[in-house]
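Please examine the sequence and the model before reading each solution.

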Amino acid sequence: MAKLTLDELRKMRDTTKMDIIRREAEGKVIQVIVAMGTCGIAAGAKTTLDTFLRSLDEFSDETNKLVETVMVRQTGCLGLCHSEPTVEVAVPGMPPVIYGKVDNALAREILSKHIIGRQLLDEHILDKPSVDIITVQ
């Protein structure tokens, strides 16, 4: 096995730091929760989770650093096996919703339209609060 250079070690350290920052909860107000039960994993939830984590940098800019405000985490089965992979999204000022059949394209759409654009993707929502408990702000 070849020895690592100092630059390679620094790159490895920086990559690991970013992975840790993506998983930290402190100071983050938006949550993306990917269901990672066995049914979800079999349906592709690991790829969905990886897409959310990788795309945080891509959708960030100088004024909107998603890595600092969005927490991507995983949970067990949500009981919606027929619609896996499922993802719950909680954004302040919006009702928490659960999206179903979240593939890579839909994960990127959730980031751009729901999290950044503050627009629900109604055609993909499996569960959302009843209209009578949503308050208009």
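**Exercise 1.** In which helix does His114 lie?

*Solution.* His114 belongs to helix H5, residues 104-116. Helices are DSSP runs of H or I with at least four residues, strands are runs of E with at least two, and both are numbered from the N terminus. The model is a predicted one, in which local features need pLDDT of at least 70 and side-chain atom pairs count only at pLDDT 80 or more, while totals for chains, interfaces and linings use all residues. Residues are numbered from 1 along each chain as its sequence is written, and side-chain values use heavy atoms, with hydrogens and water left out.

**Exercise 2.** Determine whether His114 is buried or exposed, and describe its surroundings.

*Solution.* Step one concerns accessibility. His114 counts as buried because its relative accessibility is 0%; buried means under 20% relative accessible area, exposed over 50%, and partly exposed in between, with a 1.4 Å probe and protein chains only.

Step two concerns neighbours. Beyond the residues within four places in sequence, His114 is in contact (heavy atoms within 4.5 Å) with several residues, including Val89, Val97 and Leu120.

Step three concerns polar partners. The side chains of His114 and Tyr99 make a polar contact at 2.5 Å. Such a contact is a pair of N or O atoms within 3.5 Å; within protein, one must be able to donate a hydrogen and the other to accept it, and residues adjacent in sequence count only if both atoms are side-chain atoms.

**Exercise 3.** Identify the strands with which S3 pairs.

*Solution.* Strands pair if DSSP finds at least two bridges between them. S3 runs antiparallel to S1 (residues 30-35), joined by four bridges; in this pairing, Gln31 has Ala90 as its bridge partner. S3 also pairs with S4 (residues 97-99) in the antiparallel sense, over three bridges, and here Val89 stands opposite Val97. Six residues lie between the strands of the S3 and S4 hairpin, where Gly93 takes a positive phi near 85 degrees.

**Exercise 4.** Which residues of S3 form its covered face, and which its uncovered one?

*Solution.* In a regular strand, side chains alternate between the two faces of the sheet. For S3 (residues 87-90), Val87 and Val89 make up the covered face, whereas Glu88 and Ala90 make up the uncovered one.
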